[in-house]
Amino acid sequence: MLDINLLRSDIDAIASRLASRGYTLDTCTFNQLEAERKALQTRMQDLQAKRNASSKQIGEAKRKGEDVSAIMAEVASLGDELKAAEQGFEAVQARLDDWLLSMPNLAHESVPLGGNENDNVEVRRVGTPRQFDFTVKDHVDIGTPLGLDFDTGAKLSGARFSVLKGDIARLHRALAQFMLNTHTGEHGYIEHYTPYIVNDTPLFGTGQLPKFADDMFKVLKGGDEEDRVEQYLISTSEITLTNTVSNSILKAEELPLKLTAHSPCFRSEAGSYGRDTRGMIRQHQFDKVEMVRIEKPEHSYAALEEMVGHAENILKALELPYRVITLCTGDMGFGAAKTYDLEVWLPAQNTYREISSCSNCEAFQARRMLARFKDENGKNQLVHTLNGSGLAVGRALVAVLENYQNADGSVTIPTVLRPYFGGRDKISR
RNA sequence: GGAGAGGUGGCAGAGUGGUCGAAUGUACCUGACUCGAAAUCAGGCGUACGUGCGAGCGUACCGAGGGUUCGAAUCCCUCCCUCUCCGCCA
């Protein structure tokens, strides 16, 4: 959520910055609504002040045993007026709130301008794609004989679900373990285990709601009809990790908070029909190790660079070639002020594909969830929140299968994962 | 699922219709005393929003949402959460 004071004071500048993200701000309607709000709020508060004063007088008069009928008559006439003012104010306020909640974040000044992913800017490439002396297979063809099973996934749950068996399942587990161990052991993140089902409030906090309800899975508790409150499966543990600090005032010395979790993520992928239908690039359920940081504003951009480095360390340790790109204004997510994507080399697709996304949301989420800290002057300030994948486990599995494949159909186990395989160096039939 | 007890400021804990944004204790901050500290004494110390250049002023908030009333932390209704015991359960 943007600071409404920015919109009040400099709406044209805000509108043009939002335009660079493809969002059109109707400044005229906003100004009109805001003027209405101001008038109604002032009026409502004046009436409330009047009522409070009169009620106090009534109390005092009664204690002294004086006649109160005159004041009573006076205050009685306030009632309807006050109710109307309150209702009017609430209606306008609700419209403003909805609007504000649906407005994307402003891009940081260092973000390249652009309309779509073609305008993203490559920052660096690390590692050299391996030269194969045989025809490379994609992860489906390599994985299927080794235990990657889409048919059973489809039988159980439909398209975009999979079952992992045997060494493939173990490789998947090893990847997640390795990532989590690295972030906790070497990068200083605190491991968390969090709910996979959440209420709507945290989703408003991190920005999935109100705009992106279609991307979520909803769940209902069993039992009586009226008990069936709607809840949501998390689409990322960014939701639970970031919301741990909602509605709180942290001490300055508690910051930064560095949190991590390994969790499944559930996404409905509405609107992505026909995209990445083959294989496990795009699934309704996938695992991810997430990094979240709660930072002081002045440190958040340094923290973003650091966090990207932490995600990169996983790829480096796995010896997977990748590149880092800066998303342009038109390709960034709703809440991000700046985003780096990490793209891993997939030989079968002969291209780099996203495996991590690291964003600084600045105060956008903090303002929604009221996450603050007390600064050196004793003032409450909104924190900055950051999140990044470190990494998407399913896609890491894809990358390992494709980059480490051998001519005989086996897959070499990356050195850092061998301890999770009792020292073995290869997966084969 | 059954029975009961609760949810008030950082924490503890008063407060059953008006002078309550809320006693008191504790923690914390500032000052005094002290060589320094402890103890003691004095003062300060919630959040959000509105308004004003500003000191300030105003409004709202006692788990959440409704209701009664001129007036609600206090009365009524609904919901949520926590705790204890029993049952079931990984």
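Helix 3 provides the largest share of the surface near RNA strand B, with 13 residues; a residue is near a strand if one of its heavy atoms lies within 4 Å of it, and helices (H or I, at least four residues) and strands (E, at least two) are DSSP runs numbered from the N terminus. This is a predicted model, in which local features need pLDDT of at least 70 and side-chain atom pairs count only at pLDDT 80 or more, while totals for chains, interfaces and linings use all residues. Residues are numbered from 1 along each chain as its sequence is written, chains are lettered from A and ligands numbered from 1 in the order in which they are written, and side-chain values use heavy atoms, with hydrogens and water left out.

In total, 20 residues surround RNA strand B, and Arg 8, Gln 48, Ser 55, Arg 372 and Asn 380 are the closest. Of the RNA atoms within 4 Å of the protein, 69% belong to sugar or phosphate. Polar contacts (N or O atoms within 3.5 Å) can be traced individually. Lys 374 places a polar side-chain atom 3.1 Å from a phosphate oxygen, whereas Lys 62 has one 3.1 Å from a base oxygen.

The whole structure holds six aromatic pairs, that is, rings of Phe, Tyr and Trp (its six-membered ring) with centres within 6.5 Å, stacked when the planes are under 30 degrees apart, edge-to-face when over 60 and tilted otherwise. One of them, Phe 132 with Phe 134, is edge-to-face, at 5.5 Å between centres and 80° between planes.

Terms used: A polar contact is a pair of N or O atoms within 3.5 Å; within protein, one must be able to donate a hydrogen and the other to accept it, and residues adjacent in sequence count only if both atoms are side-chain atoms.
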